[in-house]
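Colleague: I've never looked at this one before. Could you walk me through how to read it?

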Amino acid sequence: MSNGKALQPSPYSKRQYNIHQPGDFDVAVNYSRVLLAIAGAEGELAEAELDWYIDELVLFGCTEEYLPEISKEYIATVKNLNWKDVNLEELLENINFDFPMNSPKVILYQAIKMCRADRDYHQKEKEAIRKAAQILGVSLTDVMAIESLVEMEEAADKLRYSVLETIG
């Protein structure tokens, strides 16, 4: 049951994901629980993975500029989620996708980005991605396309850093 709280879309969420409607707080928490469970599939959630996701949440509008109390509460909730005891199959089968995006593919996209944030896309993370995709009804071809998209984005970032001479 929803607590009635909503997260407002930011300019980033509008530009990056074409999200223009608010998202339900509780749905977002379950969405986050899925991402953390997938990224922690190898038994640990790397600091770089959690940092990537918190940065993504800030870009999504979880800042004081947008709904300060709800945003703080949401980030605090995400940081304290128990991702180790998640039954991914049960959570995905019962997750409410009343969210303003194609949640199954976006979950996989963000999970892959999060898993790769520590520069180690572990085999168990890949297996968790494929298991999640199967439960969500997303084809293996689409998963491979999403993985390729993430790789292309990483390559484009490296190229931009190189061309602009911003490599540290």
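Colleague: Let's begin on the outside. Which residues form a nonpolar patch on the surface?

Modeller: Keep in mind that this is a predicted model. The patch is made of Leu159, Val163 and Leu164, with about 320 Å² of accessible area together.

Colleague: Take Leu164. Where is it found, and is it buried or exposed?

Modeller: Leu164 lies in the segment after H8. Exposed means over 50% relative accessible area, and Leu164 has 55%, so it counts as exposed.

Colleague: And what does the surface of the protein chain come to as a whole?

Modeller: The accessible surface is about 9,400 Å², and 49% of that belongs to carbon and sulfur atoms.

Colleague: Now the inside. What's the general idea there?

Modeller: In soluble globular proteins, nonpolar side chains tend to be buried together. Here, buried residues make up 43% of the 168 in the protein chain. The largest nonpolar core has 48 residues, and Ile38, Tyr53, Tyr74 and Leu108 touch the most other members. Helices H1 through H8 each supply at least two residues of this core, with H2 giving the most, at 10 residues.

Colleague: Which residues is Ile38 in contact with, leaving aside neighbours within four places in sequence?

Modeller: Leu88, Ala111, Cys115, Glu125, Ala128, Ile129 and Ala132.

Colleague: How many helices and strands does the protein chain have?

Modeller: Eight helices and two strands, in the order β-α-β-α-α-α-α-α-α-α along the sequence. Of the contacts with a separation of 6 or more, 73% come from residues 24 or more positions apart.

Notes:
Residues are numbered from 1 along each chain as its sequence is written. This is a predicted model: local features need pLDDT of at least 70, side-chain atom pairs count only at pLDDT 80 or more; totals for chains, interfaces and linings use all residues. Side-chain values use heavy atoms; hydrogens and water are left out. A nonpolar core is a set of buried Ala, Val, Leu, Ile, Met, Phe, Trp, Tyr and Cys residues joined through side-chain atoms within 4.5 Å. Buried means under 20% relative accessible area, exposed over 50%, partly exposed in between (1.4 Å probe, protein chains only). Helices (H or I, at least four residues) and strands (E, at least two) are DSSP runs, numbered from the N terminus. Contact means heavy atoms within 4.5 Å. Accessible areas come from the Shrake-Rupley method with a 1.4 Å probe; for residues, only the protein chains shown count as cover. Patches are made of residues with over 30% relative accessible area and no salt bridge: like charges are joined within 9 Å, nonpolar side chains (Val, Leu, Ile, Met, Phe, Trp, Tyr) within 5 Å. A salt bridge is a side-chain nitrogen of Lys or Arg within 4 Å of a carboxyl oxygen of Asp or Glu.
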